[in-house]
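Hello,

Here is the structure I promised to pass on. Please open it alongside this note.

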Amino acid sequence: MPAAGVAMLSAGVLVLGLVLPACSPEHAERRARAAAETMRDSLPDIDGAGRAQRISPEVIRNAQRQLGALHEYHGEISGELDAVTINAIQAFQRTQGLHDDGVLDARTRERLAAATNTPP
């Protein structure tokens, strides 16, 4: 092999020797876990915020009926603000261009009433 080829091969091995340890499976796994933790910590707690609402069971039952009529809710009309109800509220809010936080606020209730032609 010519001297230039040996030099290029040696330089390539040197570069790989410097790069590969930083790309080890353990390093990649640590970086992936750190990125996942950062993403998880940055996401708002929608379910917690939704469950923290102080809404009467009758208002929730009415919203569940309305969401059901719009094919957004497929659960039992229970009057409980469970994860299925909160997800349905979020889906409805998204279709209406509202902030999809799962909170059954006055604006969301008004839009539900208008969409289903029922009283709020």
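Predicted model: local features only at pLDDT ≥ 70, side-chain atom pairs only at ≥ 80, totals over all residues.

Residues are numbered from 1 along each chain as its sequence is written, and side-chain values use heavy atoms, with hydrogens and water left out.

**The core**

Start inside. The largest nonpolar core has 12 residues: I55, I60, A63, L67, Y73, L81, I86, A88, I89, F92, L104 and L112. Such a core is a set of buried Ala, Val, Leu, Ile, Met, Phe, Trp, Tyr and Cys residues joined through side-chain atoms within 4.5 Å. Buried means under 20% relative accessible area, exposed means over 50%, and partly exposed lies in between (1.4 Å probe, protein chains only). The most come from α5, with four residues. Helices here are DSSP runs (H or I, at least four residues), numbered from the N terminus. I55 touches I60 and L104, not counting residues up to four places away in sequence. Contact means heavy atoms within 4.5 Å.

The 13 residues of α5 should span 18 Å at 1.5 Å a residue, and its end C-alpha atoms are 18 Å apart, which agrees. The expected span is 1.5 Å times one less than the number of residues. Buried residues in α5 are T85, I86, A88, I89, Q90, A91, F92 and Q93. Just after α5, G97 takes a positive phi of about 75°.

V103 sits in the loop between α5 and α6 (106-116). V103 counts as partly exposed, because its relative accessibility is 22%. V103 and I89 are 14 residues apart in sequence, yet 7.3 Å apart in space, C-alpha to C-alpha. Leaving out residues up to four places away in sequence, V103 touches Q53, I89, Q93 and T108.

**Helix α6**

T108, L112, A113 and T116 are buried in α6. Seen down the helix axis, the buried residues of α6 fall within an arc of 140°, so they line one face. That arc is taken from the directions from the helix axis to the C-beta atoms. The face turned away from the buried side of α6 carries the exposed residues R107, E110 and A114. What covers the buried residues of α6 includes α4 and α5. Q66, in helix α4, is buried at 5% relative accessibility. Q66 touches L112, A113, T116, T118 and P119, again not counting residues up to four places away in sequence.

**Salt bridges**

A search of the whole structure finds four salt bridges. Each is a side-chain nitrogen of Lys or Arg within 4 Å of a carboxyl oxygen of Asp or Glu.

- R33 and E29 meet at 2.6 Å, N to O. They are four residues apart in helix α2 (residues 25-42), so about one helical turn separates them. R33 is exposed, at 54%, and E29 is partly exposed, at 41%.
- R94 and D100 meet at 3.0 Å, N to O. R94 is partly exposed, at 47%, as is D100, at 27%.
- E58 and R65 pair with their closest N and O atoms 3.8 Å apart. A network of salt bridges links E58, R61 and R65.

Best wishes

Terms used
Helix = DSSP H or I, 4+ residues; strand = E, 2+ residues; numbered from the N terminus.
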